[in-house]
Amino acid sequence: MRTEYQMPDDFLWGVAVAAHQLEGAWDIDGKGVSIADVMLAGENKKIQTGGRRVVTDDVLPNGNYPNHRGIDFYHTYPKDFKLLAELGIKAFRTSIAWTRIFPNGDESEPNEAGLKFYDDMIDDMLRHEIEPVLTMSHFEMPYHLVKTYGGWRNRKLIDFWLNFAEVVLRRYGDRVTYWMTFNEINNQMAWQDSHPMLQNSGLKDYPSDQAERLMYQASHYELVASALTTKLAHEINTELQIGCMIAFNPVYPATSKPEDIMMAERAMQNRYYWGEVHATGKYPNWLLSYWQHKDLAIDYTDEDLTIIAEYPVDFVGFSYYMSWTVTDTGDEWLFYDEEKNHGDNPYLQKSDWGWQIDPVGVRYAMNWMWDRWHKPMFIVENGFGAYDQLQTDGSVHDDYRIAYFRDHIKAMKKAVVLDKIPLIGYCPWSGIDIVSASTGEMAKRYGFIYVDLDDLGHGTGMRYRKDSFAWYQQVIQSNGAVL
Ligand code: P53
């Protein structure tokens, strides 16, 4: 091993999950209904033809709601942490289900049973010397806030959010250092698609010609809420590290034609302005100009802009799964539609769900962000969704997953060791199999640990170590030297 390839000694190797995808217990101990609780299961074939998870107006008696079950982590976490401790993880990223703490979102007093659940879970992690990393909101806002207030299109949401943020920061801030505010806040860039609009911002039932405006408006209130969270966190405890969470899918030009390159650059500026605002405290000029041109009449005040400028994040958390390519649309404002303007990259293979596999993109992403934002980074998701086969002897031979991680970790090491980009840690998705966010399937598996449950919730629920388990274990043990 060449010494220059060594990772920092305190590097946080971990895994990442989200509450609604694994806890189950959707109506236990006072929990309220979240947006994830009204999403039926989708299916890969339908997803590929543009189908999405159907959202119901209420919880229907016989609906297949996979997030109601998750993998029952609410009850199994002590055993699961034992297995994850055996894997050797130093960090565990999960989220707090907002609806366990504030079932409807607009109460003034929190639900003590929900708070107690995360107390116990955090303490269990700490017993295993696992550093908790918490996302405050990961696609699971109270459904009541959607139905009664219209989600984040409403400025009132900032107050409901801060009430929630203050309760959890005060309660867990003595034990949890790393926090992120809104998961993949920039997924709503695909505002033509109703799924991210609901997942990110609780936007539902809007005229389609209002979608773009509502997305930018909701995002603005979220950015203000996020900055106020950073302010509050530092008042509570100066040691707390608050991050944003950006879904980083590099957008490459399809060719070397200058128009394609300009288009791709704007697609990047657009997709990552949420990171720009979080990290630099400023909206880019081109975006304000674009809002004006489109007459979007976004409500933002001088006070909002001062808050955003004064409280940038401490670090940039990001997920990395794939890259995209784009061709010039001919539009002088460089308007870009994530649904329509993506093409295939002839140099890359795809997963069974059509996600392009691009390890080089990790190094590209880190360099792109570092040179603009100058904030330490944290890879809080990276992984390969695949159909796994449980063998009769309890083994799972997932060499494709090992190959994916090996290549991505190599690229990450180059960014850290050669390019000298500060990186706090690496938490691959999802450690243990959980419900897919986009499709609601169990069949789209990401774990090092197999969970015997299918898309309908049938199965023993037993846990099995995949081949990738032993592989990742030695990666952690060797601090990334043995791949
Ligand atoms: P699933 C879209 C594109 C990239 C990442 O995704 C995404 C999404 C939204 O679904 O989500 C993140 O399960 C997300 C996780 C999610 C994971 O990636 O759709 O933060 O909640 O499970 C993988 O295959």
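Student: In β8, which residue is the bridge partner of tyrosine 252?

Tutor: This is a predicted model, in which local features need pLDDT of at least 70, side-chain atom pairs count only at pLDDT 80 or more, and totals for chains, interfaces and linings use all residues. Residues are numbered from 1 along each chain as its sequence is written. Strands (E, at least two residues) and helices (H or I, at least four) are DSSP runs, numbered from the N terminus. In strand β8, the partner of tyrosine 252 is threonine 325.

Student: How many bridges join β6 to β8?

Tutor: Two strands pair if DSSP finds at least two bridges between them. Strand β8 comprises residues 324-326 and runs parallel to β6. The number of bridges joining β6 to β8 is 3.

Student: Which strands stand at the edges of the sheet?

Tutor: The open sheet has 3 strands in the order β6-β8-β9, with mixed pairing. Each edge strand has a single partner, so one side of it is left without a neighbour in the sheet. The edge strands are β6 (251-253) and β9 (342-343).

Student: Within what arc do the buried residues of α17 fall?

Tutor: A residue is buried if 20 or more other C-beta atoms, placed from the backbone, lie within 10 Å of its own, exposed if 12 or fewer, and partly exposed in between. In α17 (residues 467-477), the buried residues are Ser468, Phe469, Tyr472 and Val475. They line one face of the helix, because the directions from its axis to their C-beta atoms fall within an arc of 125°.

Student: Which exposed residues does the opposite face of α17 carry?

Tutor: This face is turned away from the buried side of α17. Its exposed residues are Gln474 and Gln477.
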